[in-house]
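Good morning, colleagues, and thank you for your time. I would like to present one structure today, beginning with the chain as a whole and then turning to its helix packing.

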Amino acid sequence: RLPKDSLKFRGHWERELVTMASTTSRPPATPEALTAALLDAAASGAASEAERLLRDGHISATVKQRMPLRICPKIACIAPTLWHAQCSATALHLAAAHGHLDCVRVLLLRGADPRALTRSLCGATPSMLAAFGGHAAVLACLEAASDRPHPATRLAPLLLAAAAAGGNGATAEEAAEAAAACVGVLLGAGAASRVAPDGASAGGLTPLHVAAALHRASACARL
């Protein structure tokens, strides 16, 4: 029978060997792998994993994707052209589009830009994607995080809010409620309800035109 001191000593080295094996068996992660991991965490709503990567992985919250993304059908059907290799979406775009509020908060605290533009869709900010997805809480968080106006693009956040899809499988009533909530957030943040977006992209329609065409009485009343 071994003395207690010997057992302690053996246990200490066993733990040391396990630690050494776990830290030496994996090669260092490449920047591309870290970027993919952060984008996957944002898209899936894994806020703690996103926080860990930003804290320990030497990666910035403003990094943009350079490869096609694996996107769930819920958001792929909302903006199918957004996720190709040249769209330059950030992790914040993905978290906002999916409605992952905790992830959005983590990314904003780590320096993500709430007014970052994609290259596709004529330039979309995270707020625009949150508005079209009908994610009012995420939209409010993004608007509160920026003291800058939306960039001049062919997309109007309020127009997208009026047309909010409400997520995959949402009923017409749920989509209408989501649209009204998002319209309320943007009006509260100072969005103009009667300024039409660029006619080349929206035919001169205002958000009120869109809400009326979709029979969204609550959104119309707010507008």
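Let me begin with the surface. The protein chain exposes about 11800 Å², and carbon and sulfur atoms supply 58% of that area. Please bear in mind throughout that this is a predicted model.

As for burial, 41% of the 223 residues in the protein chain are buried. In secondary structure, the chain has 13 helices and 0 strands. Turning to contacts with a separation of 6 or more, residues 24 or more positions apart account for 68% of them in the protein chain.

I now come to the packing of individual helices. Two packed helices are described by the angle between their axes and the distance between the axes.

Consider helix α3, residues 47-56, and helix α6, residues 101-109. Their axes come within 8 Å and cross at roughly 15°. Since angles under 35 degrees count as roughly parallel, α3 and α6 are therefore roughly parallel to each other. The crossing of α3 and α6 is right-handed. Which residues of α3 and α6 meet? From α3 they are Ala47, Ala50, Glu51 and Leu54, and from α6 they are Asp102, Cys103, Val106 and Leu107. Sorted by class, the contact of α3 with α6 comprises 6 nonpolar, no polar and 2 charged residues.

Helix α6 also packs with helix α8, residues 136-144. Here the angle is about 10°, and the axes are 9 Å apart. That angle makes α6 roughly parallel to α8. On the α6 side, the contact is made by Leu101, Val104, Arg105 and Leu108; on the α8 side, by Ala137, Val138, Cys141 and Leu142. The residues of the contact of α6 with α8 divide into 7 nonpolar, no polar and 1 charged.

Is threonine 35 buried or exposed? The cut-off for a buried residue is under 20% relative accessible area. Threonine 35 has a relative accessible area of 9%, and so is buried. Leaving aside residues up to four places away in sequence, threonine 35 touches Ile59, Val63 and Lys64.

To close, I return to α6: this helix is roughly parallel to α3 and roughly parallel to α8. Thank you for your attention.

Conventions:
Residues are numbered from 1 along each chain as its sequence is written. This is a predicted model: local features need pLDDT of at least 70, side-chain atom pairs count only at pLDDT 80 or more; totals for chains, interfaces and linings use all residues. Side-chain values use heavy atoms; hydrogens and water are left out. Axes are lines fitted to C-alpha atoms, for helices over the stretch in contact, and angles run from 0 to 180 degrees between N-to-C directions. Helices (H or I, at least four residues) and strands (E, at least two) are DSSP runs, numbered from the N terminus. Angles under 35 degrees count as roughly parallel, over 145 as roughly antiparallel, 65 to 115 as roughly perpendicular and the rest as oblique. A crossing is left-handed if the near helix is turned anticlockwise from the far one by less than a right angle, and right-handed if clockwise. Contact means heavy atoms within 4.5 Å. Ala, Val, Leu, Ile, Met, Phe, Trp, Tyr, Cys and Pro count as nonpolar, Asp, Glu, Lys and Arg as charged, and the others, Gly among them, as polar. Buried means under 20% relative accessible area, exposed over 50%, partly exposed in between (1.4 Å probe, protein chains only). Accessible areas come from the Shrake-Rupley method with a 1.4 Å probe; for residues, only the protein chains shown count as cover.
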